[in-house]
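Please look over the side-chain packing in the structure below. The report covers aromatic rings, the nonpolar core and charged pairs.

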Amino acid sequence: IPGYVSWDYFVKCINEGRGAILQGIYGSLPNNLRFQQGFTSGHAIYINEQWDDGAFWGYDPLYRYPVRYPYAAMQAYALSYGGQVFCGFTRKTGLQ
C-alpha cells in the first residue's frame, strides 16, 4: 500500500531488498539527474537498491538507462513531496 513513510524507513526497506516507486518533485533533483529539463513538477521514479557508497540505483521513466542517484540528491527528492517520503514498496526481491 503506498503512503507516507520516514526517510529512515525508506532506506531500511530498500536495504532489506525491496524496490520502491518514489514520488517527488522533479525540479528538486540536480540538472544532470533530470532527463526532461523543462519539467519540474511531481514525478515518480523506481529505486531498486542502495550501493555501498550510499548512492541509490534505479530508473526514471523519462530515461532509458539505469540511473545512479547520490545519497543527498535522492534524500532531497524523496523529501520534496510534503516533507516525508511518499512511495509504494515491492515485495522483497531477494537481492540481499
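## Side-chain packing

One aromatic cluster is formed by Trp7, Tyr9, Phe10, Phe56, Tyr71 and Phe89. The model is predicted. Across the whole structure, a search finds 13 aromatic pairs. One of them joins Tyr9 and Phe89 edge-to-face, with 6.0 Å centre to centre and 80° between the planes. This pair links distant parts of the chain. Tyr9 sits in helix α1 (residues 7-15), and Phe89 sits in strand β6 (residues 85-92). The two are 80 residues apart. Tyr9 counts as partly exposed because its relative accessibility is 38%. Phe89 is also partly exposed, at 26%.

Trp57 and Tyr59 form another edge-to-face pair, with 5.4 Å centre to centre and 70° between the planes. Trp57 has a relative accessible area of 21%, so it counts as partly exposed rather than buried, a class that needs under 20%. Tyr59 is partly exposed at 34%.

The nonpolar core comes next. The largest one has 21 residues. Those with the most contacts inside it are Phe10, Leu22, Ile47, Phe56, Tyr69 and Met74. Six elements, α1, β2 (18-25), β3 (42-50), β5 (67-69), α2 (71-79) and β6, each supply at least two residues of this core. In soluble globular proteins, nonpolar side chains tend to be buried together.

Phe10 belongs to the aromatic cluster and is also among the core residues with the most contacts. Which residues does Phe10 contact, leaving aside its neighbours within four places in sequence? They are Val5, Ala20, Leu22, Ile47, Phe56, Val85, Cys87 and Phe89. Phe56 and Phe89 are cluster members too. Leu22, Ile47 and Phe56 are listed with Phe10 among the core residues with the most contacts.

Charged pairs complete the picture. The count comes to two salt bridges.

| Salt bridge | N to O distance | Relative accessibility |
|---|---|---|
| Lys12 and Glu16 | 2.9 Å | Lys12 44%, Glu16 29% |
| Arg68 and Asp53 | 2.3 Å | Arg68 38%, Asp53 52% |

Asp53 counts as exposed, whereas Arg68 counts as partly exposed. Lys12 is partly exposed, and Glu16 is partly exposed as well.

Definitions and conventions. Residues numbered from 1 in each chain as written. Heavy atoms only, no water. Phe/Tyr/Trp six-rings, centres within 6.5 Å; stacked < 30°, edge-to-face > 60°. Helix = DSSP H or I, 4+ residues; strand = E, 2+ residues; numbered from the N terminus. Buried < 20%, exposed > 50% of the residue type's maximum accessible area, 1.4 Å probe, protein only. Core = buried A, V, L, I, M, F, W, Y, C linked by side-chain atoms within 4.5 Å. Contact = heavy atoms within 4.5 Å. Salt bridge = Lys/Arg side-chain N within 4 Å of Asp/Glu carboxyl O.
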